[in-house]
Amino acid sequence: MRQIYLDHNATTPVHPEVLEAFMSFYRERYGNPSSIHWAGRAVRGAVENAREQVALLLNADPVEVIFTSCGTEADNMAIKGVASALRSRGNHIISSRTEHPAVVNSCIWLESQGYEITWLATDENGAPDPAALDDAITDRTILISLMFANHETGALLPVREIGDIALRRRIYFHCDAVQAVGKVPVDFRGLNIGLLALSGHKIYAPKGVGALVVRKGVKLSPFIHGGPQERNRRGGTENVAGIVALGKACELALAAMDAESRRLTALRDRLEAGILATIADVKKHCMGGPRLPHTSCLSFLGTEADSLLLNLDLLGIAASSGSACTSGTLKASSVLMAMGVDPAFAKGTVRFSLGRETTEEDIDYVLEVMPGIVARLRKHE
Ligand code: PLP
């Protein structure tokens, strides 16, 4: 059966060149970078080279890059690390319910430890109002945690305005850029971001590696205590092969970004236009604001996401939804609910996220089968 993968926001296949770099470190260069002998020396330089590749993609300084095991760890490290380091200054954090669970649940845990969280509302394009952010800041505020691009809708947040406010009010700004890095330009320094999280497996590197980029001078308590790795900021023997792969993936993303962004925007627009032209009662989310080039979030009235995804899967199409099925009842995505989307639409939402191997034929196949699936489900539900 034909297989079409349209779930790149969940994870991406490893790029062949990245895989090659990764495997060579497992095969031949197995040393511990902290060892002073030949085997250690052979890999230390590779880790530092990867740090430079990550920094170059983000306009950051290599010393600002801390390698982690994933995006979730980077988010936890940023939020809990700043909360702990600045506890004597304040206990107030500003975030949004539309953030990834790595951020939302870190904040909820901090709430149980005596911190106060303000959850900013977002508009129908998934963006918080910068004026509301400014108003929410108090003399106890220590951190703003707002993402670069939303994982479900693809909405790009007003990061420049948020960074400007953070700079003016002298508050650290943590930005979860897991879905944006490698897809759109991310200027760490120019946007006044204090801490930025990214993840390897969203950009064609393997799972098990990510990074937190921390501006020089930002106070951060270590999250994982151990050896002196990562300049005493994150203990644990480095995942050398994963780090090298992440560096390579960043290098490739930088080279391909402009052309790939144009290509994916055209494919995404073809998908959306085709669906809207052939199926009634479809809502396309976040269309009024800037979006990631490769993500399309569509709600089909009178359907349920699980049935849509199952039917797509039966035809070889992998997509996803933000809905969660708890004890037999389908709960609409918390991101869409926080954006104020009508629950009747929200529960029938599918996210298509395109990637480097997606072709026009793939999109046309989806366009061919989608009207039939929706019509069948609407008849039965
Ligand atoms: N933040 C966002 C916006 C994400 O989309 C994800 C993964 O889906 C994460 C964080 C977590 O990244 P990881 O899977 O590397 O832990």
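Being three residues apart in helix H8, Glu-260 and Arg-263 are separated by about one helical turn. An α-helix has 3.6 residues a turn, so residues three or four places apart point the same way. The two side chains, Glu-260 and Arg-263, form a salt bridge with 3.0 Å between the closest N and O atoms. (A salt bridge here is a side-chain nitrogen of Lys or Arg within 4 Å of a carboxyl oxygen of Asp or Glu; helices are DSSP runs of H or I with at least four residues, strands are runs of E with at least two, and both are numbered from the N terminus.)

A word on what you're looking at: this is a predicted model, where local features need pLDDT of at least 70, side-chain atom pairs count only at pLDDT 80 or more, and totals for chains, interfaces and linings use all residues. Residues are numbered from 1 along each chain as its sequence is written, and side-chain values use heavy atoms, with hydrogens and water left out.

**Salt bridges**

The structure holds 19 salt bridges. Here are three of them, pair by pair.

| Pair | N to O distance |
|---|---|
| Glu-260 and Arg-263 | 3.0 Å |
| Arg-268 and Asp-269 | 3.1 Å |
| Glu-304 and Lys-347 | 3.4 Å |

How exposed are these side chains? For the terms: buried means under 20% relative accessible area, exposed means over 50%, and partly exposed is in between (1.4 Å probe, protein chains only). Arg-263 is partly exposed, at 30%. In the next pair, Arg-268 is buried at 7%, whereas Asp-269 is partly exposed at 34%.

The Glu-304 and Lys-347 pair is a link across the sequence. Glu-304 sits in the loop between S10 and helix H9 (305-314), and Lys-347 in the loop between helix H11 (343-346) and strand S14 (349-353), so the pair ties together parts that are 43 residues apart in sequence. Glu-304 is partly exposed, with 28% relative accessible area, and Lys-347 is partly exposed too, at 29%.

Salt bridges also join up into a network, which links Arg-44, Glu-48, Arg-51, Glu-230 and Glu-238.

Gly-316 follows H9 and has a positive phi, near 90°.

How many residues make the contact between domain 1 and domain 2? There are 29 in domain 1 touching 29 in domain 2, where contact means heavy atoms within 4.5 Å. About 2,400 Å² is buried between the two domains, and carbon and sulfur atoms give 56% of that area. (Buried area is the accessible area, with a 1.4 Å probe, that two parts lose on being put together, summed over both.)

The count of salt bridges between domain 1 and domain 2 is zero, but 14 residue pairs are in polar contact, both residues at pLDDT 80 or more. (A polar contact is a pair of N or O atoms within 3.5 Å; within protein, one must be able to donate a hydrogen and the other to accept it, and residues adjacent in sequence count only if both atoms are side-chain atoms.)

On the domain 1 side, helix H8 (240-278), strand S10 (295-300) and helix H10 (334-338) each supply at least two of the residues that touch domain 2. H10 gives the most, with four residues.

**Two buried loop residues**

Thr-12 is in the loop between strand S1 (4-5) and helix H1 (16-27). It counts as buried, at 4% relative accessibility. A polar atom of the Thr-12 side chain lies 2.7 Å from the backbone oxygen of His-201, and the Thr-12 side chain also reaches the backbone nitrogen of Tyr-204 at 2.8 Å. Not counting residues up to four places away in sequence, Thr-12 touches His-201, Lys-202, Ile-203, Tyr-204, Ala-205 and Lys-207.

Val-184 lies in the loop between strand S6 (172-176) and strand S7 (195-199). Val-184 is buried as well, with a relative accessible area of 11%. Leaving aside neighbours within four places in sequence, Val-184 is in contact with Phe-148, Leu-156, Met-257, Leu-292 and Pro-293.
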